[in-house]
Amino acid sequence: MAIRPTEWEGVYTDGPWLLTRNLVPGTSVYGEGRSVEGGVEYRRWDANRSKLAAYLRCGGRVWPFREAASVLYLGAGSGTTVSHLSDVCSHGTIAAVEISRRSFRDLLKLAEGRPNVLPILDDAAKPEGYGSRVGPVSVLYQDVAQRDQEEIFQKNFEWLRPGGVGYLMIKARSEDVAARPSSIYEDARRKIEGADIKVLDLRVLAPYQTDHAALVVQKE
Ligand SMILES: C[S@@+](CC[C@H](N)C(=O)[O-])C[C@H]1O[C@@H](n2cnc3c(N)ncnc32)[C@H](O)[C@@H]1O
């Protein structure tokens, strides 16, 4: 099937797959398939590997990732999702914070070919270490899978510009293995929602990401 744009800027589809336009043609990041059409190379974006792709597959509509967006990404891992944001925000910046040295090595390698990725080895619970280096951003994205995930998100909120959008990928099993995931998601919403923080979406990411939900908010 022909490759065509989707309603989400910078995201394409060939029917079965979501795709992003490869910023570094000829290379894959995590073994994903690639296809070329009209001289342009695209990478498959796997919803089982990336919570942001799962968000789209599950009907998510909030999409602030413009070509020139600035993103503060907490819990970058080896860069699976970061790499697709690097494709989408090709003229922007993705400041990718990761605490594990092992994963950070992969991030460094990713950033070699992608000038819009800025890898930062640091603890997202201590934004005072990197916040001023990154500056105010248009999107805050967090996927740390930690018990104190809401507190970490709140600490970093000051670096989001007014009008900016924040994504908190909530892992239910990080909070309380006995509690129902749906009550954990609602708890997270209650903790985050506030006078200057409006909830735009709360979306369960099954079947692509079990026991995960995306909380999407806007800073007023
Ligand atoms: C689920 S993985 C991230 C996957 C990645 N977001 C993706 O979609 O490609 C969670 C990552 O958060 C990192 N992490 C956990 N606590 C952190 C913290 N306090 N600061 C920064 N990174 C953290 C872990 O080392 C791990 O790599």
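The model is a predicted one, in which local features need pLDDT of at least 70 and side-chain atom pairs count only at pLDDT 80 or more, while totals for chains, interfaces and linings use all residues. Residues are numbered from 1 along each chain as its sequence is written, and side-chain values use heavy atoms, with hydrogens and water left out.

The domain assignment gives domain 1 as 4–45 and domain 2 as 51–219, such bounds coming from an automatic or database assignment. Their contact, meaning heavy atoms within 4.5 Å, takes 19 residues from domain 1 and 23 residues from domain 2. The C-alpha centres of the two domains lie 22 Å apart.

Across this interface there are three salt bridges, each a side-chain nitrogen of Lys or Arg within 4 Å of a carboxyl oxygen of Asp or Glu. Elsewhere in the list of such pairings stands that of E7 with R61, whose closest N and O atoms are 3.4 Å apart. On the side of domain 1 that touches domain 2, the elements giving two or more residues are β3 (18–21) and β5 (40–45), strands being DSSP runs of E with at least two residues and helices runs of H or I with at least four, numbered from the N terminus.

Turning to the ligand, 16 residues lie around it, and Y73, T81, E98, D123 and A124 come nearest; a residue counts as near if one of its heavy atoms lies within 4 Å. The side chain of Y73 has an N or O atom 2.7 Å from a nitrogen atom of the ligand, and a polar side-chain atom of D143 lies 2.9 Å from a ligand nitrogen atom. From T80 the backbone takes part, with an N or O atom 3.5 Å from an oxygen atom of the ligand.

Two backbone details remain. The peptide bond from A206 to P207 is cis, with omega near 5 degrees, and P207 lies in the loop between β11 (197–204) and β12 (212–219). A145, although not a glycine, has a positive phi of about 55 degrees, and A145 is placed in the loop between β9 (137–142) and α5 (149–156).

Notes. Polar contact = N/O pair within 3.5 Å; in protein donor to acceptor, adjacent residues only side chain to side chain.
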